Each structure stands twice: as C-alpha cells, then as structure tokens.
Amino acid sequence: MAASTVAASELLHNMNKQISILFPKASCVIRQISTSSSRCDCPPQMRAKSTPQQLVGVVGLEIHAQINSNTKLFSGSPVGFSAPPNSLVSPFDASLPGTLPVLNTRCVEAAVMTALALNCTINRKSLFDRKHYFYADLPTGYQITQQRRPIAVDGILHYSLLGGKKSNQMIRKSVTIKQIQLEQDSGKSLHDNLRSQTLIDLNRAGVGLMELVMEPDMSCGEEAAAAVRELQLILQALGTCQGNMSEGQLRVDANVSVHKPGEPLGIRAEVKNINSARFLCRAIDYEIQRQIEVLQRGGTVQNETRTYDSKSGETIPMREKEGLQDYRFMPEPNLPPLIVYEDNASLPTGIDACQVVVVQKIREGLPELPSVKRDRLVQTYGILPEHSLTLVNEDGLMEYFEAVLKATKREPRKVIGWVKNELVAHLKQQDMSVSQSPISPSALAELLELQETGHISSSVAKQVFQEMWRSPDKTASQIIQEQDLGLLSDTAQLHSICQTVLDSHPDEVHAIRNGNKKVLNKLIGLVQKETKGRADPVVVRTIIQEKTS
C-alpha cells in the first residue's frame, strides 16, 4: 500500500474515533472510498451502480494474424517458418529499385472470409496506403497497409468464458470489430549482444497480415484471452490463419486504461507483441493494477508503448506512443483501389469470375464455426454448454469425444466426465496435446464399457486408466486380468468383509442407527479399501444399510 493511502486510512480512523467519543450514539461515520480493481466477472453496469468511485479496466486489442498463404502479399516469394535467414526474399521484398507490388488474390479472399465469419461489412472498394516509419528490418521505410478505407468494418466477435461463483458457468460476451485491414509484415531483427551487432532477416518481410482492430469493450485479461482464443479457433476453422502464436502467426497488442464508470476513458498504454493467451491475460491484469496504483499515488498514466516480461510478470516501458502524424500516411501510388464483387451478376462485362474476388462464392464456402459446433454438441448429446466450451476450445478434444461415443454405449454426460476430468487433467499435467494422448479413443471406450457392464468398479476404472496411461501397449482387459481387479462376485465374502468393518467401527454404526447417514460413506470407503476397490459400491451400500438398520 502506498504511503499516501496509509496516511489517509489513519486519518479517517482517528476522525471516526473522535466522533464516537464526542457523540456515542451517533450512527454515522466517515468511510473510505475504495479505488481498488474489481473482479472481471462482475458486469460493468453492476460495478457502476454498486461502487461508483471504483476504478475499472478498459481493454481494446489490435491483432495481427498472418494469412495462411503460400506466397507473400505483394510478391511471389514463398512463406515459411524457420527457413535459413534471407532465403525467402524477392527483389521487391528487399526494396530493390524498379520493383512493383502485385496483390496476392489468396490474401484478399482470406480477409473477406474472415470478415464474413465476424459479421463485418465488406467494403466493395478499399484503398492501400503507405505508413512511414524507420525500422532496420523495413527496407522501404514504409509499410503498405489500409488506413483510410480498409477491406472490412463494423463486425462483432462473440466469445464465451467460464465464470460465476464456482467458475464453472459459461458466460457469453461480445466485442466489436472496428475494422479488418490488409497489410504487409516487416522483417526480423536478430540482436547479437555478444558481438554488439544486429542482424537482419527479411524472410518475414512482405508476408500478408490481417490486422483486426477491436473496440475497448473488455475489462480484464481473462476476457481478452477468451476473445483471442475464440478468434484463433475461428481463423483455424476458416483456414485463413494457422494461429500458431509461438511462431508469431498471431500477435496481439493490448490497449489498456482505467477509469471510473460513467466518466471518460483514461489515458491508455499499449502493451506490444504478446504471443500467448496466458501471457496476454497476465500482462493486461498487471497493467490495469499498475495504472490504478499510479493514480492512487496521485500520478499520471503515460501514453506509451510497453512490453511484457514473462519472467518477471511485469510490463516494461519501451517508448512514447506514436500518433497518426508520426507515420506520415499517404496513398500507395503503385496499387489501384481493391475492388470485390457481391456476386456474379454484379461483375462488369468481360470479367472472368475466376480472376476476381466474389463475396457470395466465399460466403457459400464458409465452414462450421466454433459457436455452431458448441450448439450442435449441446443439442445432439445433451451435454452442458460449459462442457461444449471445453470440447471445442481444446484442439482435437471434440473429435476425441465423438470417437469414444461411437465405440461405447455410455451416456454422453458420463463420457464427457471422463474426457474432461481424467483425460484433460492428465494432458495438462504433462503439457501434452490431445493428439499426443497415450490412450486412444477406442481404448478409453473399452474401459468405459467394462465399467458399464459391471466388470469393474468406478474406483478401479480410474486405477486402470492411470495404468493405461503409463503402459499404453496394454489394454484395459489385460490390466484387469493381470492385477486381478475384477469385481468380487462372491456375495458371502463381501458380506463377511462388510461385517468385519462394522465390528471394528462401533461408533460409526451407532451414529448411523441414530440417523447420521453421512457416516455411511466412510464405511463404504473402508470396505473399498479392504477390497482394493473391487467391490461394487451400490452392493456395499445395500449390505451396510441392511446390517445397520
């Protein structure tokens, strides 16, 4: 806590103490106004009514998505990750004199498809501009982008996240997409501190990007991370961007400010080039708290560009924020206006539909989007919406779930429990993807069938699952047979074990006979321990109830 805050708290405490001495029956005291950050899952409207003086975060995002294309935006150079330095560079990429840009139609189609999926308005005519700034890895000294009239505007991204008291309820939210614009990427600077030199790799220079600008509709890192994850899923479903953040195919800039609800937005700081949803969440939440503390100390938030240090968990100043005037925008003289057509009927006479971008054709080819997948899972299998969120958000998990269902007669809700609680937990514990799971869908289905048909108990099923994880070459049946884990079929033996447990716990038996049914679960657990999980819990419960009645 800052010194000024401590002093204010002590002053208020002393004033309240004096009031209580002078006026013992007084019911009013002076209360301190809270300016601490609020929980993200509380809607802004509720925060404004309940605590009008509370500072809250405001978050907008600028996302650069690398277009999934074989060649670059304005040249025929191939696009590839981790290729030898400067091996994917054309004369145009290197800005050699006399070279001219040639627009890649695939990149335009990808931008239109993305805009349609995000419910944007497609501008039938868009323009290219030069954005001037100096980077050592930007050979031309400017970037070709779309500042004045982008290819698409006014969209909306619907996303969901888990919230509520137990963080297990699906909360639906949305963020406005201000615009989507086409632009070229810069190269990459490689800093060699040992030799005090910087090397330039132009392989990435000129790669096609879609910049998606989101309005400041979010209030915390968790919301921003959920929105980015949803966008990532949409782009991957469309095939317009592979969305691999670790390879820089999806880079996020976060504009963060704080203000009191009902008042104008505060001064924002931009946190640049965040390449992980987890880091995005942490960076935004840290920046919100940092700005709140600055204002609490009586300081002023600076309009600056910052970077996120994942090791320290802090944002660090880089430079003052540039304004539009710093970039000296001007029309790109070497590119004509970009024209797209609504349908074949709108094409001018003599133009081949294969040589232009037709919106209707792209719209008809849109695949099933993540939100539609979730609704289909809920309607088809009767699972909870929050479970559908988990299935779709984890790459390959929905396909795994449906493959298990095809191979077993278990109810979908029981299967989702195993997939969500056992499979996903083990994968996350070892930082593995679904495709790396040592237990195949058919192997899990066999295990669930053995439990469903009464060959093993639920506790043994979990024990077998762990053994299958350690020994993927063994089937569930083999493990059960080798370790003798099948259910006890000798009723007389089970009665004898239950009686032994009851005889050694007279206090618990007395409590059950006096109406305390909760103790029954303890005795069932003790029987399961004696039988090493081989007893059917339902049968054990029935036996104990008979013997304690």
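Guide: In the classes used here, Ala, Val, Leu, Ile, Met, Phe, Trp, Tyr, Cys and Pro count as nonpolar, Asp, Glu, Lys and Arg as charged, and the others, Gly among them, as polar. The model is a predicted one. By these classes, the lining of the largest cavity has 6 nonpolar, 4 polar and 2 charged residues. The structure holds 1 cavity of 30 Å³ or more, and the volume of the largest cavity is about 110 Å³. Its lining is formed by Phe92 and Asp93, by Leu138, Pro139, Thr140, Tyr142 and Ile144, by Gln184, Asp185 and Ser186, and by Ala205 and Gly206.

The second largest pocket has a volume of about 1400 Å³. Its lining comprises 37 residues, and Arg229, Ala277, Asn393, Glu394 and Lys428 lie nearest its centre. Two or more lining residues come from each of strand E6 (152–163), helix H4 (221–238), helix H5 (277–296), helix H9 (385–393) and helix H11 (412–429). Helix H4 gives the most to this lining, with 7 residues. Classified in the manner described above, the pocket lining has 14 nonpolar, 13 polar and 10 charged residues. As for its place in the chain's architecture, domain 1 (56–331) and domain 2 (370–483) both give residues to the lining of the second largest pocket, so the pocket lies between them.

Definitions and conventions. Residues are numbered from 1 along each chain as its sequence is written. This is a predicted model: local features need pLDDT of at least 70, side-chain atom pairs count only at pLDDT 80 or more; totals for chains, interfaces and linings use all residues. Side-chain values use heavy atoms; hydrogens and water are left out. On a 1 Å grid over the protein atoms alone, a cavity is a set of points where a 1.4 Å probe fits but cannot get out, and a pocket is an open set with protein on both sides within 12 Å along at least five of seven lines; lining residues have an atom within 4 Å of a point. Grid points are joined across faces, edges and corners, and a volume is the space filled by probe spheres set on the points. Helices (H or I, at least four residues) and strands (E, at least two) are DSSP runs, numbered from the N terminus. Domain bounds come from an automatic or database domain assignment.
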